[in-house]
Amino acid sequence: MTDAQKTIVVTGIGAVSPYGPNLSSLQAGMLAGQCALHPATELYPSFQGTVAAVSAWPSHAEGHRYSRTDRLAMAAARDAVAGLDGSGSALRESGIVMASTVAGLSEIDAEISRGPAAWYRQGGLSRAASYPVSRVAASVGEHLGIEGPACAVSVACASGAMAIALGANLLLDQAAPMVLAGGSDALCPFTLSGFNSLQALDTEPCRPFDQNRKGLNIGEGAAVLVLETLANAARRGARILAVLRGWAMTNDAFHPTAPHKDGAGLASCIQRALEMAECGVEEVGYVNAHGTGTPLNDVAEANAYQSAFRGRSRPIPVSSTKSYFGHCLGAAGALEAAITITAMQNSALFPTLRLTDPIESADIDWLRGELRRQPLPVAMSVSAGFGGSNAALVFGSHRI
Amino acid sequence: MNTTWPVLTGIGSVTPYGPLAGLIPAELLEPGTITAWTTPGLRRAFLVEPFRPAAVVPGLKTRRLDRLSAWALVASSLALQDAGVDLNLIDRSSIAVFFATGFGCVELTEAFFQSAAANGWAGTDPITFPETLGNAPASHVALFHDLRGPNVTISSKSFAAESALLQAASLLRHGQADLAVVLAGDTLTQAVYEWYEAAHLLAPACFSNEPTFSADGFIPGEGVVAMVLEPAGRQTARSYAALGAGRWAADGDARAAVRQLLGDARLDFVICAGNGAPCSSTAEAYPARDLVGEDTAIYPAQAAAAGMGEAGALLHLLLALSKRPGQGQALLLGRSAHGGYAALRLELF
């Protein structure tokens, strides 16, 4: 394989977020520093908390064949391929790797547990058909007429970043000429209730990396990246948005829900991604952190950055963009990859909102306050999740 | 075959054949009667008989786990044991876990819904919630064996297990892992079974004691199969097979893909993985012959494995290996009713 066949590039990005139905609305909202978090009672009257919902989209116009998660994924994928020129049959033969944790759970009522057969007879049959997580990838394929290899990834909150990593591997394997990789998750009572039962939610807008952080807010959305090899992109004259220079996946093997306090698994993941990217710690200009705002995650993550970026001459700039529109679970890693590339394209380092009293660390430059403008040739997006899974993606700008 | 392809060195399974290390006695299996919930008459499926995991894997604690997680722990332990892998001699940060499933931890998802129905959404069980996540079984495998490499749970319409095998092999080839434990499985619950029934997908043999040979509908099944993949030449145990190139697609020209995959290679066996397809006891009922020559032996899809749907291919492969069709070049071939296909070249040892 030539270098061009081994170099993975991003040639399309699509997103649906609480800011709107496309990437440009997400970028505009983020660059304006808008917070999209709202009281949950607007959607779920009995739930005291804060969420970020996608409003006015997607509708149930196509019935219950597709779940809300499916429809978010389909809209983001459509946005991602909207600007593709000259893709021709490559798009039809593309691979699809979509992440989700909720998938069709959003369509299922608790009443199913009182008697499944009766619930199916009363209209639940088609709604339940959208339950399997594989439906999210299949829906994108059906929507865009894509026939290549398709799979869905469900690795809790690291899912979205892992989908991108696995999509890149499919390209290295020459399993498809292009891969649509991303994640999608809808808000639903099941997950709100679950995180609430774990006392992991902040009822107010979350404050990642703040010493007074109390937990996370749940959001919803989807993002899809179009990945292809540099050789394929060059052949069709595609505009290259970023280079995926490195990626890695690890597991803490420590606890079913808690991260290892010293962040060893995440640090190892970051180091492996940097090794693949052939990138030194000095080169990374920004880390878009997982940064959920929970007491355990954020301290483990801070320790991971201290360990992984040891030896840098300057503190590593880090922020959590979950402070803008919450934690979109299986979509988070993909949305944050899109935001990381946006940061590179706009030479804009996003601050963490509401970060007034950061976790003490001399080695971390906690971004807060105003948007910081500086050239950003290399940036990293980091994700972690229940079950101890970690994923890291290193993006670089494309030099012609 | 390219010697850099990974080899399959260990097998563990928890299936209707029982919890077993290595090959299994692949006699014809009839479905069992469902007793775990009240049914409106006779209902049958390929069921895993209850067993105590700690009796199979000493020290294993599974009290709070979904059966899927418990079976994954047992199957992975048996597979590593069968492979002769001494985890103390391997860098565990380079061992990957790849888990393929159609429905994930559906048992505890149903339990969580029950707690919501009984207590409202504000009164759900915090211990149950994390165990409803799709990656719970794979993360328990990582935790129990201290495996700190990539830990991935995937699902793919009709071809989750084939996809997991191919993607795990890819991790080995690209140096992203030194060893991989690939698992595929699902559990059968009332909500899943009754959905199949309401959707009119079940075979007549689900409702009566007739033989399973009907090609009309399928008989749901459950279980987990685990396989250990290692780079060729580095294994300590004997190998069952080497995994070659593969393809899978949601739609398209399966014939062209298989031809491209095989090139000039002579094929000795086709192992049919009839995931989600009607069960069948005959090769003729399964459209593999149109893809390969007349002199290629066809090992037909097996009802017990087909019942596991998109997670069934590892059991299809295990049953075929257990039948010991002989040495040579083989193709694991799955086709879906929707035009999709999965094809994986193997060299059987």
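Reply: Val153(A) stands opposite Ile154(B), a residue of strand S6 of chain B. The two belong to an antiparallel pairing of S5(A) with S6(B), residues 151–155, over two bridges; strands count as paired if DSSP finds at least two bridges between them. Helices (H or I, at least four residues) and strands (E, at least two) are DSSP runs, numbered from the N terminus. The model is predicted: local features need pLDDT of at least 70 and side-chain atom pairs count only at pLDDT 80 or more, whereas totals for chains, interfaces and linings use all residues. Residues are numbered from 1 along each chain as its sequence is written, and chains are lettered from A and ligands numbered from 1 in the order in which they are written.

Around this pairing, 50 residues of chain A are in contact with 52 residues of chain B, contact being C-beta atoms, placed from the backbone, within 7 Å. On the chain A side, the elements giving two or more residues include strand S5 (150–153), helix H6 (134–144), helix H8 (189–197) and helix H10 (264–277). The largest share, six residues, comes from H5(A). By class, this side of chain A divides into 27 nonpolar, 18 polar and five charged residues. Here Ala, Val, Leu, Ile, Met, Phe, Trp, Tyr, Cys and Pro count as nonpolar, Asp, Glu, Lys and Arg as charged, and the others, Gly among them, as polar.

Chain A is divided into domain 1 (3–235) and domain 2 (245–396), with bounds from an automatic or database domain assignment. In chain A, 60 residues of domain 1 are in contact with 52 residues of domain 2. The largest share of the domain 1 side, eight residues, comes from H7(A). That side has 36 nonpolar, 18 polar and six charged residues. The C-alpha centres of the two domains of chain A are 20 Å apart.

In chain B, the assignment gives domain 1 (7–240) and domain 2 (242–348), with C-alpha centres 21 Å apart. Their contact takes 48 residues from domain 1 of chain B and 36 residues from domain 2 of chain B. H6(B) provides the largest share of the domain 1 side, seven residues. The residues of that side in chain B divide into 29 nonpolar, 14 polar and five charged.

Technical notes: Two residues are in contact if their C-beta atoms, placed from the backbone, lie within 7 Å.
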